[in-house]
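Take a look at the charged pairs and the surface of this protein. The walk-through below goes from one to the other.

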Amino acid sequence: MTGNHALALRRAALGHDVLLGLPHDAASPLLHWLVTKEEEYGIVAKQTEDEISAVLMAIGASAAARAR
């Protein structure tokens, strides 16, 4: 297990249910691994096109969480 995999498991265990990342981000291995585990851990992991998309998706995820 790599450090990125351990971090991904920790995020899932803590209840972080959304991870947004950029294609050139240092955490790309973490994002790519979490994408394959979305259903297993009940999370949403998305790779955005740019910083603006990531911010807009984060705002939408925050609004959706409050609406629950």
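Predicted model: local features only at pLDDT ≥ 70, side-chain atom pairs only at ≥ 80, totals over all residues.

Residues are numbered from 1 along each chain as its sequence is written, and side-chain values use heavy atoms, with hydrogens and water left out.

Start with the charges. Side chains of opposite charge can pair when their charged atoms come close. The structure holds two salt bridges (a side-chain nitrogen of Lys or Arg within 4 Å of a carboxyl oxygen of Asp or Glu).

One links Lys37 and Glu40, with the closest N and O atoms 3.9 Å apart. Glu40 counts as exposed because its relative accessibility is 55%; exposed means over 50% relative accessible area, buried under 20%, and partly exposed in between (1.4 Å probe, protein chains only). Lys37 has 22%, so it is partly exposed.

Glu38 pairs with Lys46, also in a salt bridge, at 3.9 Å from N to O. Glu38 has 18% relative accessibility and therefore counts as buried. Lys46 is partly exposed, at 36%.

Now the nonpolar surface. Ile52, Val55, Leu56 and Ile59 form a nonpolar patch there, with about 420 Å² of accessible area together. Patch residues have over 30% relative accessible area and no salt bridge; like charges are joined within 9 Å, nonpolar side chains (Val, Leu, Ile, Met, Phe, Trp, Tyr) within 5 Å. Areas come from the Shrake-Rupley method with a 1.4 Å probe; for residues, only the protein chains shown count as cover.

Leu56 lies in helix H4, residues 51-67 (helices are DSSP runs of H or I, at least four residues, numbered from the N terminus). Leu56 counts as exposed because its relative accessibility is 55%.

How values were computed:
Helix = DSSP H or I, 4+ residues; strand = E, 2+ residues; numbered from the N terminus.
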